[in-house]
Amino acid sequence: MSEIPSQSRVTPAADSLAARGYRLAAEWEPHAATWLSWPHNRDTWPGAFEPIPEVFARFARTLAEQEPVHICAGSDAVLRDAEQHVGKVANITLHDVRTNDCWIRDHGPIFLSGPADAPSMLLDFQYNAWGGKYPPFDDDNRVPGQVAEITGYERVALDMILEGGAIDVNGRGTLLTTEECLLNPNRNPGMRRGEIEQVLADSLGATNILWLGRGIVGDDTDGHIDQLARFVAPHHVVTIIERDPGEANHLPLAENLARLYELTDEEGRQLEVTTLDLPRPKFFGDQRLPCSYANFYIVNNLVIVPTFDDPADDAAFGKLRELFPGREVIGQRAVDLVWGLGAFHCASKEQGVTRISDV
């Protein structure tokens, strides 16, 4: 385990967005919409792309029953494919916004909540495809600016590289992340931990930053938190575990669990922690797939959980249903999707309401 502290208290700068009343809302707070990027890059699912558009279409149709859905589908070919699958579905709007890939959680904007009388803001962090792993990524990096033009939000550009899947928040100032990702030199080699924490505090209102260690085998994001641990309430976190001590994921996940039991929320209260067992190891050829029930997406009145044709599916459902009593919890099969090394949370980005809600 890391020798550096796993928790940091940070004060936003006096001239920061956070000091002006802006913050990143928790995912369970009301959404104005969800944004997707239509899948078209066959290299993301080598040899197995054919089912992916319908997987996305099913996901988009489910979302559209709960809230408006906006889909980036730039270029004639991508737009035609999206139109064939979802173009006539009510509550879905297609936009001529080009992308390199579909994982909008990481290349899309971060929408902020703010004072009722203040301009609507979105953040445009830099994006380099998880440390430069999958060039080109120039179209993806331009998405936040184009979404700002579409929505009329004011765009705040930041020089730091940050993917949305690398962070999770409770909406009250506490943020979860991992050392493996945010401190990785393939993201921001010139920034120290304290400098990264200050950006998170200033831009997102994260005054209490909690650091876990490493991610799961097969995850090409270098340990994104949305594959590991998620807030389900202001003081409650779910986290994945591997019970088999001979399995490669056992030790890093046990270390993360030990940290969570020691961490506190922004008011100094110990976190409540619920564990979710990983499904059995799954492979596509020699590639270990990053299957995780933590990659669920919280929608207005609904939680969508990835399923993996595994006996652990039912247990994960049972626990998440208990944790979201006011929402329906449903499963959607993610076995095809996860060959692209992501699932439903990776493929979606919530647009929260712009006013500060009671939390």
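Strand β12 (residues 236-241) pairs with β13 in the parallel sense, over six bridges. Strands here are DSSP E runs of at least two residues, helices are H or I runs of at least four, and both are numbered from the N terminus. Pairing requires at least two DSSP bridges between two strands. Within this pair, Ile240 has Leu276 of β13 as its bridge partner. The model is predicted: local features need pLDDT of at least 70, side-chain atom pairs count only at pLDDT 80 or more, and totals for chains, interfaces and linings use all residues. Residues are numbered from 1 along each chain as its sequence is written, and side-chain values use heavy atoms, without hydrogens and water.

Both strands belong to an open sheet of three strands, ordered β11-β12-β13, with mixed pairing. Its edges are β11 (229-233) and β13 (272-277), each of which pairs on one side only. The twist averages 30 degrees from one strand to the next.

Helix α8 (residues 250-262) lies across β11, β12 and β13 and runs at about 160 degrees to β12. Angles run from 0 to 180 degrees between N-to-C directions, with axes fitted to C-alpha atoms, for helices over the stretch in contact. Contact means heavy atoms within 4.5 Å. Helix α9 (residues 312-323) also packs on the sheet, touching β11, β12 and β13, at about 160 degrees to β13.

The largest nonpolar core holds 77 residues. Such a core joins buried Ala, Val, Leu, Ile, Met, Phe, Trp, Tyr and Cys residues through side-chain atoms within 4.5 Å. Buried means under 20% relative accessible area (1.4 Å probe, protein chains only). Trp38, Ile71, Leu176, Leu260, Phe296 and Phe324 have the most contacts inside this core.

Definitions and conventions: Buried means under 20% relative accessible area, exposed over 50%, partly exposed in between (1.4 Å probe, protein chains only).
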